[in-house]
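Hi,

Here is the structure I promised to pass on. Have a look first, and my notes follow below.

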Amino acid sequence: MSTSFTATSPLRLGTRGSPLALVQANEVADRLIAVHGLEAGAVEIVPISTKGDREQSRPLSEIGGKGLFALEIEAALRSGDIHIAVHSMKDVETVVPAEFEITAMLPREDTRDVWLSPVAAHPRDLPQGAVVGTASLRRGAQIKAMRPDVEIINFRGNVQTRMDKLARGEVQGTMLALAGLKRLGLEDKATCLLEPPEMIAAVGQGAIGIETRKADDDVRHLVAALDDADTHLCVACERAMLAELDGTCRTPIGGHAVLVADDLVKLTAVLLAEDGSQVFRYEGEAAAADALAMGKEAGAKLKAEAGEDFVANMA
Ligand SMILES: NCc1[nH]cc(CCC(=O)O)c1CC(=O)O
C-alpha cells in the first residue's frame with residue numbers, strides 16, 4: 001500500500017469547520033493512519049467554510065438544500081487543494097458529480113433522532129400550540145403528523161447553537177441526530193429517543209462518507225480500505241429511494257435501511273406533506289443484490305401513492 005503521504009507532504013482531508021465535522025474528520029484521519037500504518041501527521045485536516053454554514057438565517061430548503069454544504073468542498077477536491085472530502089452522508093446530494101465518488105463509508109452510528117425539551121418528555125406531552133424549532137422539513141412534518149397544533153419554526157446553526165437557543169427558551173423543543181450528539185459526547189442532553197414509525201430518520205443519517213476524485217487511484221485505494229460494506233449497502237438503498245423521489249431537501253422524506261439477516265435488507269421510508277396532513281409509507285425487504293432496485297421501487301411506489309398533484313407541488 002502506498003505510504004507516499006508523510007508529515008511533510010500530508011494527505012489533505014477537507015471538511016466543514018463545525019465541531020461535529022471536525023470530530024468526524026479526525027475519526028477518518030485516525031483510521032487512515034491506523035489501517036495503513038502512516039506516520040502521525042501524514043493526514044492533515046483542512047476546515048472549509050461552506051455557504052450552508054455561513055447562511056444561518058434562511059431555511060436550508062430555501063437557499064438550495066444540501067448541496068450548499070458540498071459545493072466549496074468539492075471545488076477544493078477538484079482543484080487538488082484537498083485529496084479527500086469527509087461528509088455526513090445525510091448532507092450529500094443523491095447525485096455525486098461524475099468526476100468524484102463516495103469511495104468509503106465508516107461503520108454507521110445510531111441512525112435515530114432524539115427529542116430535546118425542558119418542558120415535554122416527548123412531543124406528545126407538549127402544551128397546546130407549543131413552538132418547536134427545526135430546519136428539517138422531515139422532522140417538522142413528522143412532528144406535525146403527531147401534533148397538528150404545534151407550530152414549527154426555522155431553527156438553524158450547529159448542534160451547540162441549537163441547544164443554546166433551546167436553553168434560552170426560544171422554542172419548547174427541538175430534535176437532533178443521536179449520532180451527532182454521541183460524537184460530540186453530548187448524548188446525555190437528549191430528552192428521549194424518537195423511534196420509527198413516528199420518526200423516520202434522514203437518508204444517510206449516522207453515516208460518514210469519504211469522497212475522492214475517481215482519477216486519483218492512490219488516494220482511492222487508501223480510502224477504500226476504510227469502507228464498511230453493510231453501511232454502504234444500506235445507505236445506497238436509501239439514496240436510491242431518495243433519488244427516485246426528490247434529492248433536493250425541499251420535500252419531507254425519511255428513509256432507513258438495515259440488514260435484518262446476512263443477506264436481507266429491510267427498508268422503511270416515508271413521504272409527507274410539509275404540514276404533516278398526509279403521510280405515505282413504504283416497507284419492504286430484499287436480498288442485498290436487489291437493495292438498490294428496492295430503493296428505486298420504494299421511491300416510485302411512494303410517488304404513485306402520493307399522486308400527481310402532490311408530486312407536482314414537491315419541488
Ligand atoms: N444537517 C446537519 C447534520 N448533518 C449530520 C448530522 C448528524 C450526524 C449524522 O447524521 O451522521 C447533523 C446534525 C443533526 O441533524 O442533528
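Predicted model: local features only at pLDDT ≥ 70, side-chain atom pairs only at ≥ 80, totals over all residues.

I'd start with strand 1, residues 11–16. It is mostly covered, with 5 of its 6 residues buried. Strand 1 pairs with strand 3 (residues 84–88) in the parallel sense, over 2 bridges. It also runs parallel to strand 2 (residues 43–48), and here 6 bridges do the joining.

Next, follow the chain through helix 1, residues 19–36. Together with strand 1 and strand 2, helix 1 makes a β-α-β unit, and that unit is right-handed.

Zooming out, the protein chain is divided into domain 1 (11–106 + 207–227), domain 2 (113–194) and domain 3 (237–312). The C-alpha centres of domain 1 and domain 2 lie 27 Å apart. Their contact takes 9 residues from domain 1 and 11 residues from domain 2.

Which helices supply at least two residues each of the side of domain 1 that touches domain 2? Those are helix 1 and helix 3 (60–63). Helix 1 gives the largest share of that side, 4 residues. By class, the side of domain 1 that touches domain 2 has 5 nonpolar and 4 polar residues, and no charged ones.

Cheers

Terms used. Residues numbered from 1 in each chain as written. Buried ≥ 20, exposed ≤ 12 C-beta atoms within 10 Å, placed from the backbone. Pairing = 2+ DSSP bridges. Right-handed = clockwise from strand over helix to strand, strands pointing away. Domains from an automatic or database assignment. Contact = placed C-beta atoms within 7 Å. Nonpolar A, V, L, I, M, F, W, Y, C, P; charged D, E, K, R; others polar.
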